[in-house]
Amino acid sequence: MRLLIVDDHPMTSFGLKALLETEYPTASVTVFGTVKQLRAKPTGWDLVFLDMHLPGENFSDMLDEFHTLMGRVVLFSAQPEPALCANQLLVAAAPGAEPER
């Protein structure tokens with residue numbers, strides 16, 4: 001199994017990497033710190049852990065760009081308001097949807 005973590009925070013990335021390697025010892029876990037790296041190698045991953053708030057990137061644009069290239073994606077964020085993240089995902093996944101207020 002090939003797992004990819006895309007996050008700009010090394011502590012988060014390598015903490016998640018250590019957890020995944022412990023739980024899935026036969027998996028190959030790769031860390032990219034930028035979307036530029038993902039653009040260079042967007043395919044071949046069984047599961048992608050993607051930070052929703054990468055510097056200089058628009059979340060909706062990232063989903064538009066990568067959704068057909070990735071089989072399964074786990075989105076995560078350090079944003080302290082989970083409802084805001086959920087609303088961003090809803091709007092990105094279902095254009096025209098009304099976010100919760």
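These legends describe close-up views of a predicted model. Local features need pLDDT of at least 70, side-chain atom pairs count only at pLDDT 80 or more, and totals for chains, interfaces and linings use all residues. Residues are numbered from 1 along each chain as its sequence is written, and side-chain values use heavy atoms, with hydrogens and water left out.

**View 1. The protein chain and its elements.**
The protein chain holds 4 helices and 4 strands. Helices (H or I, at least four residues) and strands (E, at least two) are DSSP runs, numbered from the N terminus. Their order from the N terminus is β-α-β-α-β-α-β-α. Of the 101 residues, 32% count as buried. Buried means under 20% relative accessible area, exposed over 50%, and partly exposed in between (1.4 Å probe, protein chains only). Among contacts with a separation of 6 or more, 70% join residues 24 or more positions apart. A contact means heavy atoms within 4.5 Å.

**View 2. The open sheet.**
Four strands form an open sheet in the order β2-β1-β3-β4, with parallel pairing. Two strands pair if DSSP finds at least two bridges between them. β2 (28-32) and β4 (73-76) stand at the edges with a single partner strand each, so one side of each lacks a neighbour in the sheet. Neighbouring strands are turned by 15° against each other on average, direction ignored.

**View 3. β1 beside β3, with helix α1.**
β1 and β3 pair in the parallel sense over 4 bridges. V6 stands opposite L50 in β3. Helix α1 (residues 10-23) packs on the sheet and touches β1, β2, β3 and β4. The direction of α1 makes about 175° with that of β2. Axes are lines fitted to C-alpha atoms, for helices over the stretch in contact, and angles run from 0 to 180 degrees between N-to-C directions.

**View 4. The nonpolar cores.**
A nonpolar core is a set of buried Ala, Val, Leu, Ile, Met, Phe, Trp, Tyr and Cys residues joined through side-chain atoms within 4.5 Å. The largest has 14 residues; L4, V6, F32, L38, V48, L54 and M62 touch the most other members. At least two residues come from each of β1 (2-6), α2 (35-40), β3 (47-51) and α3 (59-66). α3 gives the largest share, 4 residues. A second, separate core of 9 residues includes L3, A27, V29 and F76.

**View 5. The surroundings of M1.**
M1 lies in the segment before β1. M1 counts as partly exposed because its relative accessibility is 46%. Leaving out residues up to four places away in sequence, M1 touches Y24, A27, S28 and D46. M1 and D46 are 45 residues apart in sequence, yet 6.1 Å apart in space, C-alpha to C-alpha.
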